[in-house]
Amino acid sequence: MAAPAANLTINGDRLWDSLMEMAKIGPGVAGGNNRQTLTDEDAEGRALFRQWCEAAGCEMGLDQMGNMFARREGTDPDALPVYVGSHLDTQPTGGKYDGVLGVLGGLEVIRTLNDLNIKTRHPIVVTNWTNEEGTRFAPAMLSSGVFAGIHEQGWAYEREDARGKTFGAELERIGWKGEEPVGQRKMHAFFELHIEQGPILEAEGKDIGVVTHGQGLSWTQVTITGKESHTGSTPMPMRKNAGLGMARMLDRVDAIAWEHKPHAVGAAGHIDVYPNSRNVIPGKAVFTVDFRSPDLAVIEAMEERLREEATEICEQMGLEIAFEKVGGFDPVEFDKDCVQAVRDAAERLGYSHMNLISGAGHDACWINRVAPTAMVMCPCVDGLSHNEAEEISKDWAKAGADVLFHAVVETAGIVE
């Protein structure tokens with residue numbers, strides 16, 4: 001396929017204005033956004049996106065999970081479309097760019113093609129995946145997971161939020177449940193633009209992250225059982241302190257991750273201690289260990305070390321322990337040709353770039369199961385995301401969208 005000329009770039013001001021306009025919907029309390037999935041605010045954001053897509057001449061498709069597909073026709077009716085996109089839903093205290101940059105960057109690809117009167121052989125489809133964040137209805141990347149055959153649609157409809165409302169009922173309530181069967185679409189390729197959500201690109205002074213892999217993830221819930229007793233009157237040798245056992249294990253979690261550097265990471269983010277009273281020695285501690293690595297063998301090795309060392313700690317302390325695998329997915333290796341298209345685009349445009357491994361899950365990680373896929377990343381200030389203080393610059397947004405434009409259009413094929 002012929003590559004776009006290096007002087008062909010997107011309208012950075014228009015992209016930025018669109019980001020700021022979308023951010024007015026579901027404003028947060030500290031400058032970010034609270035546009036959680038399947039809320040009224042989500043419905044309003046979807047309506048604005050549809051309005052913009054239709055104004056750009058696209059036909060909007062909608063499937064039974066609420067996934068939105070804005071299609072710009074190609075010249076070959078038999079050619080599979082090149083898909084591009086991300087998500088419009090946010091965390092309760094989310095930023096203005098996480099996910100949204102990928103959707104509106106995809107729309108900017110279409111707008112720029114219209115401006116330049118460029119036709120492509122393959123159609124191009126801009127996608128908004130429902131419930132990527134998973135903050136209201138777990139798990140994350142729910143609808144792209146159904147699309148890729150990871151989750152059953154009926155099971156997804158039954159996911160409940162904290163108030164007992166189901167995904168299926170809320171999708172119908174806001175009026176964004178389509179009739180199209182989920183997963184029937186075939187893709188020539190899929191590209192996703194996203195902020196890094198990490199500090200590496202900014203620290204290295206790079207404009208673009210060429211994402212080669214997505215880290216695999218393992219969540220193991222650990223339950224330690226000791227004996228509740230009075231903190232003042234229980235002699236030290238007679239204590240069965242589940243909280244202390246947990247503390248010693250968390251130190252080992254950190255050490256295990258360090259021993260598998262540079263790409264492995266590990267921590268416990270969810271922790272409950274019982275009875276959580278000031279003058280009672282904890283009788284039970286429950287926590288979830290999150291291990292991640294782009295190498296499945298490393299994840300499995302870290303899991304095994306955790307079980308061995310945690311069991312030994314509990315035996316020495318007279319505690320009981322139980323393990324439960326409560327989540328995870330295998331590492332992702334993105335399509336080499338799509339990755340090369342991203343790398344070539346950055347070089348053609350003169351943007352500094354580096355290979356990057358995504359530490360977070362993205363819709364692209366599931367779509368990679370059913371279509372050739374790659375990701376483009378731009379820096380974010382201090383690597384901060386899932387926070388209302390999340391910030392990027394207009395130049396970073398433009399650079400990411402320029403690279404996205406070139407990779408997508410080259411893959412879709414310019415018609416001379």
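This is a predicted model: local features need pLDDT of at least 70, side-chain atom pairs count only at pLDDT 80 or more; totals for chains, interfaces and linings use all residues.
The peptide bond that joins Y274 to P275 is cis, with an omega of about 0°.

P262 sits in the loop that runs between helix 8 (242-258) and strand 10 (265-274). These positions can be set beside a record, because UniProt positions are given in the numbering used here. In an unreviewed entry, UniProt annotates residues 215-315 as "domain: Peptidase M20 dimerisation". Within the model, the span of residues 215-315 is 37% helix and 34% strand, and its end C-alpha atoms lie 33 Å apart.

From there we can turn to a set of residues that the record marks out individually. For "binding site", the unreviewed UniProt entry lists D98, E133 and H386. Although these residues are spread over 289 residues of sequence, they cluster in space, with a largest C-alpha distance of 9.6 Å. D98, E133 and H386 also belong to the lining of the largest pocket.

Where in the fold does D98 lie, between which strand and which helix? D98 is in the loop between strand 3 (82-86) and helix 3 (100-116). Its relative accessibility is 4%, and because buried means under 20%, D98 counts as buried. Once residues up to four places away in sequence are set aside, D98 touches H87, D89, E133, H194, I195, Q197, S385, H386 and E390. With H386 there is also a polar contact, in which the two side chains are joined at 3.2 Å.

E133 belongs to another loop, the one between strand 5 and helix 4. E133 is buried, with a relative accessible area of 9%. Apart from neighbours within four places in sequence, E133 is in contact with H87, D89, T90, Q91, D98, A140 and H386. The contacts of E133 therefore include D98 and H386, where contact means heavy atoms within 4.5 Å.

The loop between strand 5 and helix 4 (142-147) also holds N131. N131 has a positive phi of about 55° although it is not a glycine, and at 0% relative accessibility it counts as buried. A positive phi in a residue that is not a glycine is found at L38 as well, where the angle is about 65°. L38 lies in the loop between helix 1 (12-23) and helix 2 (40-55), and L38 is buried, with a relative accessible area of 0%.

Strand 5 (124-128) can now be followed in the other direction, toward the loop that separates it from strand 4 (119-120) and in which H122 is found. H122 is buried at 4% relative accessibility, and its side chain makes a polar contact of 3.1 Å with the side chain of R121.

Strand 5 also takes part in strand pairing, for it runs antiparallel to strand 2 and is joined to strand 2 by 5 bridges. One of the residues involved is F69, whose bridge partner in strand 5 is T127. Strand 2 has strand 1 as a partner too: strand 1 (residues 59-62) and strand 2 run antiparallel and are joined by 4 bridges. Here M60 has A70 of strand 2 as its bridge partner. Strand 1 and strand 2 form a hairpin with 5 residues between them, and in that turn G66 has a positive phi of about 85°.

After helix 12 comes G413, which has a positive phi near 85°.

Notes:
Residues are numbered from 1 along each chain as its sequence is written. Side-chain values use heavy atoms; hydrogens and water are left out. Helices (H or I, at least four residues) and strands (E, at least two) are DSSP runs, numbered from the N terminus. Buried means under 20% relative accessible area, exposed over 50%, partly exposed in between (1.4 Å probe, protein chains only). A polar contact is a pair of N or O atoms within 3.5 Å; within protein, one must be able to donate a hydrogen and the other to accept it, and residues adjacent in sequence count only if both atoms are side-chain atoms. On a 1 Å grid over the protein atoms alone, a cavity is a set of points where a 1.4 Å probe fits but cannot get out, and a pocket is an open set with protein on both sides within 12 Å along at least five of seven lines; lining residues have an atom within 4 Å of a point. Two strands pair if DSSP finds at least two bridges between them.
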